[in-house]
Amino acid sequence: MKFIDEAVITIQSGKGGRGCVSFRREKFIPRGGPDGGDGGKGGDVVFRTISQKRTLYDFRSRRLFKAENGGSGEGNQRTGKKGVDLIIEIPPGTVISDAGTGRILKDLVDPEEVFVIAVGGRGGQGNKKFATSTHRTPRFAQPGGESQTLILKLELKLIADVGIVGLPNAGKSTLISVISSATPKIAEYPFTTLTPVLGVVKVGKGDTFVAADIPGLIEGAHKGIGLGTQFLKHIERTSILIHLIDASAINKDSPLSGYHAINEELALYSKNLSEKTRLVVLNKLDITGSKEAADIFIKAAGNIEVLTISAATGKGINRLKQKVALLLNQNSER
Ligand SMILES: Nc1nc2c(ncn2[C@@H]2O[C@H](COP(=O)(O)OP(=O)(O)OP(=O)(O)O)[C@@H](O)[C@H]2O)c(=O)[nH]1
Ligand SMILES: [Mg+2]
């Protein structure tokens, strides 16, 4: 199982701008002194961790990162423009190493950490700087400093942001397979999933998050019934839980019984789990009769927000992903 997200990228700092060779030219000064300005410094390449980034997903499509070169110096002692630094945003927890040797260069743990990985070349000096009392008209200037190129490996140990919990057969594995590229086993019998599966989920253009599919829970799980609670430790560090419920299996006479049973098991397992932000999602809305069952559930649930989806047809999935991203961003701002 691959619980490590990784990417290999090439980064390049900016080259320094070259110094300028120039002489003053003014109307009544026939032979002016040197006035060539210095080149601008090349931009640095900088890593910055931000907690809204949760995966290395963006590096699948972009692999080359170049900071801007410094501008050349100009006459009249004008310094070249400084190259703009390139800031690469990465999730906290990313380990940066040299892709060739494997040597770790930096382990960025906390949010808002900043690390300059490659410094831009210095600006070359203009001819003005080379003028001395014995050499008043230098016809040379300094070239800009070289840029630095590095091939880096980024590695992130994936930690699930969202855990999907529910009774066996609720469609948890089906859900993770439609929202991510994970390919868990899916079948019409309970306890199909025997080990947790992680998937990277992309929402619209920006956000990504990691979801974990764990084996189904049943009443008495905390006592070891079914697969027990041994897998709940995998979602202990998630920020939110999706409680997935098979709408077609809702008992119309006691619509909340399954829902309460899972809540009970979570609470018996740990206070931490039972206090997580929870999103209640009714699945299999494509099955005949489940819409009516869902309505009965929603009515009984009172002011608990409930989303309805069909993992099979994809209905409601985008909304669910957006809602999860929103909750995650709210949680990480806290
Ligand atoms: N009609 C319909 N069937 C679904 C939907 N989602 C899942 N299923 C089916 O429900 C069954 C169980 O799906 P799984 O994804 O394996 O369920 P699970 O919750 O992971 O089950 P366990 O791993 O055993 O806990 C499979 O036959 C799926 O094809 C849905 O939206 N509509
Ligand atoms: Mg499963």
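Ligand 1 is surrounded by 23 residues, and the closest of them are Lys172, Thr174, Phe191, Thr192 and Asp286; a residue counts as near if one of its heavy atoms lies within 4 Å of the molecule. This is a predicted model, in which local features need pLDDT of at least 70 and side-chain atom pairs count only at pLDDT 80 or more, while totals for chains, interfaces and linings use all residues. Residues are numbered from 1 along each chain as its sequence is written, chains are lettered from A and ligands numbered from 1 in the order in which they are written, and side-chain values use heavy atoms, with hydrogens and water left out.

Let us begin with the polar contacts of the ligand (pairs of N or O atoms within 3.5 Å).

| Residue | Atom of the residue | Distance to an oxygen atom of ligand 1 |
|---|---|---|
| Thr174 | side-chain N or O | 2.6 Å |
| Gly171 | backbone N or O | 2.9 Å |
| Ala312 | polar backbone atom | 2.9 Å |

On its own, ligand 1 has 660 Å² of accessible area, and the protein covers 87% of that (Shrake-Rupley method, 1.4 Å probe).

Now for the pockets. They are found on a 1 Å grid over the protein atoms alone: a pocket is an open set of points where a 1.4 Å probe fits, with protein on both sides within 12 Å along at least five of seven lines, and its lining residues have an atom within 4 Å of a point. A volume is the space filled by probe spheres set on the points.

The largest pocket has a volume of about 480 Å³. Its lining holds 16 residues, with Ser51, Arg54, Pro92, Ile159 and Asp161 closest to the centre. Both domain 1 (4-157) and domain 2 (162-333) contribute at least three residues to this lining; the bounds come from an automatic or database domain assignment. Helix H5 (317-333) and strand S8 (149-157) each provide at least two, and H5 gives the most, with 3 residues. Helices (at least four residues) and strands (at least two) are DSSP runs numbered from the N terminus. By type, the lining comprises 6 nonpolar, 5 polar and 5 charged residues, with Gly counted as polar.

The second largest pocket holds about 310 Å³ of space. Its lining has 26 residues, and Asn169, Gly171, Thr174, Ile186 and Ala187 lie nearest the centre. Helix H1 (residues 172-179) supplies the largest share, 3 residues.

Note on methods:
A polar contact is a pair of N or O atoms within 3.5 Å; within protein, one must be able to donate a hydrogen and the other to accept it, and residues adjacent in sequence count only if both atoms are side-chain atoms.
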